[in-house]
2 protein chains.
Amino acid sequence: MKHFLSFAFLLTAISAFSQKEDSITISRIADEMLIRGRAYENLRELTKKVGARLTASPGFYKAEAWGQKALQDAGADKVYLQECMVPHWVRGGKDEAKYFVGSDAKGKTLDVLALGNSLGTGANGLTAPVILINSFEELEQRKDEVKGKIVFYNYKFNPRFIHTFQSYSDAVRFRGQGASRAARYGAVAVLVRSMTHATDNNPHTGAMNYNDSFPKIPALAVGIQDADKLAEVIQSNKSNNAAVKLFLKSNAKMLSDTVGHNVIGELTGSEFPNQIITVGGHLDSWDPAEGAHDDGAGCVHSIEVLRALKSIGYRPKRTIRVVLFANEENGGRGGSKYAEEAKNKNEQHILALESDEGGFTPRSFGFTMSKEKLEKVRTWLPLFSPYLVWQFNEGGGGADIAPLARVLGTPIAGFQPDSQRYFDIHHSRADVFENVNKRELELGALNIAALIYLVDKYGL
Amino acid sequence: MKHFLSFAFLLTAISAFSQKEDSITISRIADEMLIRGRAYENLRELTKKVGARLTASPGFYKAEAWGQKALQDAGADKVYLQECMVPHWVRGGKDEAKYFVGSDAKGKTLDVLALGNSLGTGANGLTAPVILINSFEELEQRKDEVKGKIVFYNYKFNPRFIHTFQSYSDAVRFRGQGASRAARYGAVAVLVRSMTHATDNNPHTGAMNYNDSFPKIPALAVGIQDADKLAEVIQSNKSNNAAVKLFLKSNAKMLSDTVGHNVIGELTGSEFPNQIITVGGHLDSWDPAEGAHDDGAGCVHSIEVLRALKSIGYRPKRTIRVVLFANEENGGRGGSKYAEEAKNKNEQHILALESDEGGFTPRSFGFTMSKEKLEKVRTWLPLFSPYLVWQFNEGGGGADIAPLARVLGTPIAGFQPDSQRYFDIHHSRADVFENVNKRELELGALNIAALIYLVDKYGL
């Protein structure tokens, strides 16, 4: 018993010593980021000098060049591109919409944006009676009324979910599947209420997908104030089924696939260079704004991890690989390619972490990994609580690293900042640098770096 | 042993049952606030229709009327005013500052605001050489150089503190004591670097105090970009001790004390009407903006607690008293009066809670009370974690309820939202409605209401 106790005491003492040492290293990372941080200035460059960077647009290739330079400046041992084929969707100019009540020929303008991957209406636009549909159940019940009409999905972002990503999961099906489900019953286009808690009228775009079994019809998003107005007009004219008409115009089209790249920078491991820890965000962004939170923040978080570890003189045991993924928004080809190459090269991946929930104040990380690994990770939580990460949740990751988990079984993690403001700006004109807070951004980078440091030091 | 176990089991079962019931009540409060909430529209009214409401200004009296109406509309059983004498400081127009290098007669403008309670310079302003002082230690070392000069305190908001209120406590001494400490050595005025992490140049005002032993000299705050510029100019001219001059102008003055009021609304307790639970914020605000976060948020949080409890049909056992305190910013007379009256009337106060850290996303509450009471409160924490309050901290309260703790020993609590953005806007032009997020505001009210409900139901 005496020996057992001594051994236990020894273990506790070692663990207390390590945590003390780790807490000192993490506070050096904190000083580096909060006093001499580069994340905010990097984000300013990416948003203001590069700007919007939809996959295959000129902005995206400019962002590839920016990413390489930023990784070099951050002190990467090695910077390179990983080629992948990417979709090439173009908006083709300003999207338009108007509604007309009865014999009104002038119409009233609605603020709209074509959904990503959607086909356009043709240059002359498209006019048809509109039918208000609040749910897919209602669509099924009223399927006989849909033919020749524009379906207006007015499903509301549910305010009862405390985590706004749950409201998003709940509502995003209308954006993703709405067009094909309506086309099945003869609809000629769809207009989808934006997925947001915002108090403004900005429309929010985002990817939609066609089901090849049905006609491909145009799909646009409308701002929520305009959605409320349109719903009210339709309701107050519902005695006359064809009283309200919609005019939609979009020049969107899908061109042939083209070449894009994941941008990668590494700190080579000193002891186990073949063991790879990935940390990344996605480089592409939607076109209405600057992709500041989505996902400029994730890119500069990841670059800052590498820069700060290098700056404090930390030499990683394992290879820390920063990946700025291509094409998360409308295809996910960058993430798929990364997993495919990892498999082809028989790479050994210890952990992949993604930051793609914005540059807001830190709250938690989510982990998709075995119970044993999660238990190990959870012993580190006390090191994070001074820096505002107070929970390590089960489940989490990111769209770009999910293929790695699927293909190689790699443990994955997602950074989970406060979610309240994310969908105010997401995929809209409001996703600009000015809506990112410097301290919140820096604190995100700090916690991600702490986690990467601990995984590098202790393995997983 | 068998009986003991059964009893323990029974206790656990009761507790599990209560927590289930409480969780249902709290989710009804959540629905009321997130779906049909009034906090955001109340705040819009207070900020846009009333606006700035410095103690004893016309805006403050307008706010008193607004507060009474808002409490009536929220369903208070009783609304009344509690009179108190308040200080009457006036800014008296636009504050001005310029610096002059060498023989430059035109000067360069600095963005400044006189500190609250400061005396002005007189109508012609005041010009004197400036001395750059980075700390009180430096002031003591260089006290012989101060006479006849304007002391420019350039102490920086420390980015290493994770909780920004710590940076504030650290820096605010220069605002509070800086004038008198410099006047002691013959300074003619002081200019104080604003207490902020902001990336803009807005000056941040706030209360200062004179030590009656020394001459009363004018004190102004300067925006941090201008502070950096001025410090640089002084540094680069330091070979010539009198090369840089400052011109300051402020018409500020302190008038005689006048009458103000705490605005109070109550839900009368059904079982223990004499047991009082106070929840409040302060109604006064600084004059450069609208006092949206400081402390419009705390006012509408508190009113929303009363409204939502009433709306869901909850009948409190104890008296829930919403107090919109007068004069927190430059005197604290409302809080003092409230405690004094409580003592005179021999009132029984169970808990006082204040919300005065802004309308940001919830993180924690802080409690100043006995260990036993804190332990009891902590058993409720699981009920809060779905709503983003993840910690109950030891220590906390608010400036308006501190006198109650001092005078009557009342247990007090403070709502602690995320602190990263607070000092970006605090006491500056940026403290406007547009910088408050609807969801974040509502989630604050929700957690405060949950705590008030539990204290009402179970006592403390």
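Residues are numbered from 1 along each chain as its sequence is written, while chains are lettered from A and ligands numbered from 1 in the order in which they are written. Because the model is predicted, local features need pLDDT of at least 70 and side-chain atom pairs count only at pLDDT 80 or more, whereas totals for chains, interfaces and linings use all residues.

**View 1. Chain B meets chain A.** Each chain brings 21 residues to this contact, where two residues count as touching if their C-beta atoms, placed from the backbone, lie within 7 Å. On the chain B side, helix H1 (2-36) and helix H13 (438-458) each give two or more residues; helices (H or I, at least four residues) and strands (E, at least two) are DSSP runs numbered from the N terminus. That side holds 8 nonpolar, 6 polar and 7 charged residues. Here Ala, Val, Leu, Ile, Met, Phe, Trp, Tyr, Cys and Pro count as nonpolar, Asp, Glu, Lys and Arg as charged, and the others, Gly among them, as polar.

**View 2. The axis relating the copies.**

**View 3. An open sheet in chain A.** Follow its 8 strands in the order S1-S10-S12-S11-S13-S16-S14-S15, with mixed pairing; two strands pair if DSSP finds at least two bridges between them. At the edges are S1 (78-90) and S15 (391-394), each pairing on one side only. From one strand to the next, the twist averages 25°. Strands S10 (253-267) and S12 (318-325) run antiparallel, joined by 5 bridges.

**View 4. Two domains of chain A.** Domain 1 covers 29-88 + 256-458 and domain 2 covers 95-253, with bounds from an automatic or database domain assignment. Their centres, taken over C-alpha atoms, are 34 Å apart. Where they touch, domain 1 gives 14 residues and domain 2 gives 17.

Terms used. Axes fitted to C-alpha atoms, helices over the stretch in contact; angles between N-to-C directions.
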